[in-house]
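Dear colleague,

I am handing over the structure below, together with a short account of what was found in it. Please read the account with the coordinates open beside you.

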Amino acid sequence: PNSLVLGNNWQEVSGDFIIKNNELVNTAGRSGPAIAVQPIIVGDQSTRASFASTNNASNPIFGFVLGYQDPQNHYRLYRKAGSPSQLVVSKVVGGVETVLAHANVPNPLRNRMFELAAYLNPKGLTISTIGGKSLAAQDSTFTTGSVGILMGSLVDSPRLLVSHRADNFTAS
């Protein structure tokens, strides 16, 4: 079909992604986020991407990993769709995710691209819906590390484990 592995130094660290129709797609059939990191970007981090949910009932998450050390230690800044629909800033330490801040936002429209941006600097962490709500948290657990993208479904129902889409990822 129309699929390739990620290139340009990207490393898949959880789950699987493919390139389909010039978009990044997480493979269906697995609960939890797929994560890929770009290890050459370190320090203060700024990311932005467009995402599309194919089924909000799958409780999908779309967003970024910042300050990435390894699969067990990093920040996650994401939009969770479904019930509840939220922006979330969390940290993963020793494999345990701790929510630092969350705020309710409307669910995204099915198969309609929406943009997110996220930042990590000495003042803390921020995630924003472009043209909408922002959420910030203070934490200095990871002051350096890599940047990446995360996307996937959080339900355990096989019929709801679907692929979602991302495009236009930028990081600096």
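Asn9 counts as exposed because its relative accessibility is 52%, where exposed means over 50% relative accessible area, buried under 20%, and partly exposed in between (1.4 Å probe, protein chains only). Please bear in mind that this is a predicted model, in which local features need pLDDT of at least 70 and side-chain atom pairs count only at pLDDT 80 or more, whereas totals for chains, interfaces and linings use all residues. Residues are numbered from 1 along each chain as its sequence is written, and side-chain values use heavy atoms, with hydrogens and water left out.

Asn9 is found in the segment before strand 1 (11–14), strands being DSSP runs of E with at least two residues, numbered from the N terminus. Once its neighbours within four places in sequence are set aside, Asn9 is in contact with Val37, Gln38, Pro39 and Ile40, contact meaning heavy atoms within 4.5 Å. For one of these residues, Gln38, the C-alpha atom is separated from that of Asn9 by 6.3 Å, although the two residues are 29 residues apart along the chain.

Strand 1 itself pairs with strand 4 (residues 32–38) in the antiparallel sense over three bridges, where two strands count as paired if DSSP finds at least two bridges between them. Within this pair, Glu12 stands opposite Ala36 in strand 4.

Turning to the sheet, seven strands form an open arrangement in the order 1-4-13-6-7-8-9, with antiparallel pairing. Strand 1 and strand 9 (96–104) stand at its edges and have a single partner strand each, so one side of each is left without a neighbour in the sheet. Neighbouring strands of this sheet are turned by 20° against each other on average, direction ignored, with axes taken as lines fitted to C-alpha atoms and angles running from 0 to 180 degrees between N-to-C directions.

Some backbone details in the loops also deserve a look. Asn21, in the loop between strand 2 (17–20) and strand 3 (23–26), has phi near 50°, a positive value in a residue other than glycine, and Asn21 counts as exposed because its relative accessibility is 53%. Asn59, which lies in the loop between strand 5 (45–52) and strand 6 (60–70), likewise has a positive phi, near 50°. Finally, the peptide bond from Ser83 to Pro84 is cis, with omega near -5°, and Pro84 has its place in the loop between strand 7 (73–80) and strand 8 (86–93).

Technical notes. Helix = DSSP H or I, 4+ residues; strand = E, 2+ residues; numbered from the N terminus.
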